[in-house]
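The entries below follow the order in which I looked things up.

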Amino acid sequence: MTLRFLRNKVVEVSPQADGRLAVSWRLTDDLLMAEVDICVQLPDLEIVEARAELKRLVPRAWSQAGELIQKIEGVRIGAGLRKIVQGLLGGTQGCPLLVHAVLESANAVILHFTRPVLENLEMLEGDERLAGLREMIKNNPRLVRSCVAFQDDSPIMQNVDSG
């Protein structure tokens, strides 16, 4: 017998005319269809609206996801977000799928702002590119060890005083 399981996930960030960012997180697989939409107010990156809808074979424990997601309204994307979201949406009365959706949505918002910087750095060559990346790390020390490119033994991290 052949088992088949297909999963698709999409996260999109769309700037709105009112200056907010609309974030759409969608997961579709053979068992579940989930949609999470959040609206982020700039410049504080505050989540001002949140909506969730789960369809198909939704576990009974997740049946209140639509109401639960509203707990993140008023939370800011920034330091401590992982712990805050886990505290509000996780635990025995929570929904781990919502935790995952909100954290991925927050990452998409951060990438929305860092992508243009990285695109500009791609135009540089050799030492200029390394210097630009090192400057970016000095300006945002939270990048240190955040991915393989910014690990301690990476060529990018040589001669970087990240504190």
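Predicted model: local features only at pLDDT ≥ 70, side-chain atom pairs only at ≥ 80, totals over all residues.

Entry on the hairpin. I looked up β1 and β2 and found that they form a hairpin, with five residues between the two strands. In the turn, Gly19 has a positive phi of about 90°. The pairing of β1 with β2 (residues 21-29) is antiparallel and runs over nine bridges. I traced two positions across this pair: Lys9 stands opposite Leu27, and Pro15 stands opposite Leu21.

Entry on the sheet. I then followed the order of the strands, which is β1-β2-β3-β4 in an open sheet with antiparallel pairing. Because β1 (7-15) and β4 (46-56) each have a single partner strand, they stand at the edges, and one side of each is left without a neighbour in the sheet. From one strand to the next, the twist averages 10°.

Entry on the helix. I found α3 (residues 96-122) lying across β1, β2, β3 (32-41) and β4, at about 135° to β2.

Entry on the cores. Which residues have the most contacts inside the largest nonpolar core? I found Val40, Ile69, Leu89 and Leu98, in a core of 33 residues. The elements giving two or more residues to this core are β2, β3, β4, α1 (65-68), α2 (81-89) and α3. The largest share, eight residues, comes from α3. Beyond its neighbours within four places in sequence, Leu98 is in contact with Val36, Ala52, Ala65, Leu68, Ile69 and Leu89. I also recorded a second, separate core of ten residues, including Leu121, Met136, Ile137 and Leu143.

Key: Residues numbered from 1 in each chain as written. Heavy atoms only, no water. Pairing = 2+ DSSP bridges. Helix = DSSP H or I, 4+ residues; strand = E, 2+ residues; numbered from the N terminus. Axes fitted to C-alpha atoms, helices over the stretch in contact; angles between N-to-C directions. Contact = heavy atoms within 4.5 Å. Core = buried A, V, L, I, M, F, W, Y, C linked by side-chain atoms within 4.5 Å. Buried < 20%, exposed > 50% of the residue type's maximum accessible area, 1.4 Å probe, protein only.
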